[in-house]
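This report looks at how side chains pack inside one protein chain.

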Amino acid sequence: MCFGEDFNAQCSRGEIILMKSALLGRMKVGKCLETESGGYMGCQQNVIHQMDNLCSGKNRCSLQKVVKRDFSVEDTDDACPEWLFQYLQVNYECIRGT
């Protein structure tokens, strides 16, 4: 999901969200990133713990107009430079549960 967009996850009745992965960065060219520019393709950070805390175990989860400051990230070798446009890639599934 591109920054500035809403994130909405919803499961059917009797199901809950299970976050499988959540990456913040520039993983590939696509909807949020039209061209590979600046040589920073492939930089990313794992933000699964934050998305897990926000959404896992709930029937529905939404974040309004997601921005980078919604995530506290560490400065690591894999991280994108702070000034670089990044996006959020989330993978979840709905499982039976309460």
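## Terms and model

Buried means under 20% relative accessible area, exposed means over 50%, and partly exposed lies in between (1.4 Å probe, protein chains only). This is a predicted model, in which local features need pLDDT of at least 70 and side-chain atom pairs count only at pLDDT 80 or more, while totals for chains, interfaces and linings use all residues. Residues are numbered from 1 along each chain as its sequence is written, and side-chain values use heavy atoms, with hydrogens and water left out.

## Nonpolar cores

A nonpolar core is a set of buried Ala, Val, Leu, Ile, Met, Phe, Trp, Tyr and Cys residues joined through side-chain atoms within 4.5 Å. The largest one has 17 residues, and those touching the most other members are Phe 7, Ile 17, Met 51, Cys 55 and Phe 71. Two or more residues each come from β1 (7-10), β2 (15-25), α1 (48-55) and β4 (60-63); helices (H or I, at least four residues) and strands (E, at least two) are DSSP runs, numbered from the N terminus. Strand β2 gives the largest share, four residues.

Another core, of six residues, lies apart from this one and includes Cys 2, Leu 23, Cys 32 and Tyr 87.

## The aromatic pair

Rings of Phe, Tyr and Trp (its six-membered ring) pair if their centres lie within 6.5 Å; planes under 30 degrees apart count as stacked, over 60 as edge-to-face and the rest as tilted. The structure has one aromatic pair. The ring centres of Phe 7 and Tyr 92 are 6.4 Å apart and their planes are at 85°, so the pair is edge-to-face. Phe 7 is in strand β1 and Tyr 92 in strand β5 (residues 87-96), 85 residues apart.

Phe 7 counts as buried because its relative accessibility is 7%. Tyr 92, at 28%, is partly exposed.
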